[in-house]
Amino acid sequence: MKQICLSLLMCSVLFPQDSGLKFYNDKKYEDARKFYQEVIDNRKNDLSAQYGLGVTAYKQENIGEAVKIFNRLKNVSDKEIASKVFYNLGNIYREQNQFEQSMKSYKKAIELNPNDYDSKVNYELLTQQFRKENKNQNSDDQQQGQENNE
């Protein structure tokens with residue numbers, strides 16, 4: 001019996017994010033938030049739990065809290081977490097029509113993790129959109145200039 005209890009305790013210590021991730025994947029964001037907060041309360045430096053709390057805040061549309069958490073995490077030494085943080089910041093900035101800031105975030109995510117397919121795709125889409133808007137703006141400016149000369 002002691003071995004079973006010890007095994008369960010070890011699993012809960014070694015794999016604590018599994019419960020939070022399960023809640024998150026099941027779209028039980030409030031349960032995930034509570035779980036991640038409890039982990040952080042017990043282990044303040046748990047980067048995975050802090051990241052989980054950030055993405056959960058984002059899913060709960062608490063954008064200010066998500067940005068605050070992500071900004072605290074963006075310079076961590078764990079490149080995988082930092083890359084994910086920049087990817088999520090890129091998404092937030094894109095949704096807020098802050099396209100240049102979004103592109104910078106995606107670019108940083110790619111620098112930290114060159115295999116980050118989602119960041120690459122989003123960066124390329126924004127780059128194309130940005131070029132198209134600039135091209136349209138230049139065409140509008142030229143047309144306006146021609147009309148003023150006539």
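A nonpolar core is a set of buried Ala, Val, Leu, Ile, Met, Phe, Trp, Tyr and Cys residues joined through side-chain atoms within 4.5 Å, where buried means under 20% relative accessible area, with a 1.4 Å probe and protein chains only.

I note that the model is predicted: local features need pLDDT of at least 70, side-chain atom pairs need 80 or more, and totals for chains, interfaces and linings use all residues. I number residues from 1 along each chain as its sequence is written, and side-chain values use heavy atoms, without hydrogens and water.

Entry on the core. I looked up the largest nonpolar core, which has 25 residues; Tyr 51, Phe 70 and Val 85 touch the most other members. The elements giving two or more residues to this core are α3 (29-42), α4 (47-59), α5 (63-73) and α6. Helices here are DSSP runs (H or I, at least four residues), numbered from the N terminus. Leaving out residues up to four places away in sequence, I list Phe 70, Leu 73, Ile 81, Lys 84, Val 85 and Asn 88 as touching Tyr 51; contact means heavy atoms within 4.5 Å.

Entry on two helices. I found α6 (residues 79-95) packed against α7 (residues 99-112) at an angle of about 160°, with axes 8 Å apart. Axes are lines fitted to C-alpha atoms over the stretch in contact, and angles run from 0 to 180 degrees between N-to-C directions. The two helices α6 and α7 are therefore roughly antiparallel, a term for angles over 145 degrees.

Entry on Ser 105. I placed Ser 105 in α7. Ser 105 is buried, at 3% relative accessible area. Beyond four places in sequence, its contacts are Phe 86, Leu 89, Gly 90 and Tyr 93.

Methods:
Parallel < 35°, antiparallel > 145°, perpendicular 65-115°, else oblique. Buried < 20%, exposed > 50% of the residue type's maximum accessible area, 1.4 Å probe, protein only.
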